[in-house]
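Hello,

Here is the structure we talked about handing over.

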Amino acid sequence: LLPWLLPGEEGLRQLGIYGACVKLAMIMALITQAFRYAYEPFVFGGQRDKESKETQAQATKYFVMFTLLAFLAVMCYIDVLQYLMGADYREALPAVPIVMMAEILMGIYFNLSFWYKLTGQTWWGAVMSAVGCIALVAVNVVFVPRYGYMACAWGGLVGYGICVLMSYFIGQKKNPVPYPVGTILGYMALALLLYAATVWVHPDALWVRLAWNTLMLLVYIAAVLWGERHLVAEIINKTKHRKQ
């Protein structure tokens, strides 16, 4: 849409800049795709198992945990990773966190989408995708002429966000799954707060900035390990038993 919504060569220029930004954020798409290939056969294989819903809920939580870790890792070291992009494209760096969060929402939507596949109501997938697509295009059409490629990033976030909300609330009525919503939202809030801390505290010296950002990343890891301490203890105990 960019070449159509922006006059002259500006549309193509911004398209190229935004494309470079999206490539830097592709780690989220790769994680989601890998998760999908590994997890989808497992869910369909155990769809009649009463414990499969609990497994879906926990898998969604772990997916969010690890993708947020990847998000923070990229954003904490963006001052170094930016050199993977040409100097002319680095102006798009502010769009990277938005695109990455949109990719996380896409992955969450994938996790939430099993209910209509397992119940044979796959037409819901077309409905939700259409609504999300309309919202995405609408944001682009309305805001791109004023804000350029940043509107594309926000459009993706809005579109996937709508799909997530629709899939969750409709799915809880059609085929409820006990997702730990509070825990998931807590991890997301923590990750966004720590990311904000890396933006607010921005020393001039690169090594000081990287040290501070690393500390924020470690805070997230420590918080996750503490929040999942029962799982960590279980893994440690199983490892000890195997060694014995």
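The lining of the largest pocket splits into twelve nonpolar residues, two polar and no charged. Nonpolar here is Ala, Val, Leu, Ile, Met, Phe, Trp, Tyr, Cys and Pro; charged is Asp, Glu, Lys and Arg; the others, Gly among them, are polar.

This is a predicted model: local features need pLDDT of at least 70, side-chain atom pairs count only at pLDDT 80 or more, and totals for chains, interfaces and linings use all residues. Residues are numbered from 1 along each chain as its sequence is written, and side-chain values use heavy atoms, without hydrogens and water.

**Pocket.** The volume of the largest pocket is about 310 Å³. Its lining has 14 residues, with I108, L112, V164, V181 and L185 closest to the centre. α6 (96–112), α9 (149–174) and α10 (181–200) each give two or more. α9 has the largest share, five residues.

**Terms.** On a 1 Å grid over the protein atoms alone, a pocket is an open set of points with protein on both sides within 12 Å along at least five of seven lines; in a cavity a 1.4 Å probe fits but cannot get out; lining residues have an atom within 4 Å of a point. Points join across faces, edges and corners, and volume is the space filled by probe spheres set on them. Helices are DSSP runs (H or I, at least four residues), numbered from the N terminus.

**Cavity.** The whole structure has one cavity of 30 Å³ or more. The largest cavity has a volume of about 60 Å³. L112, W115, N175, V177 and Y179 lie nearest its centre, among 13 lining residues.

Regards
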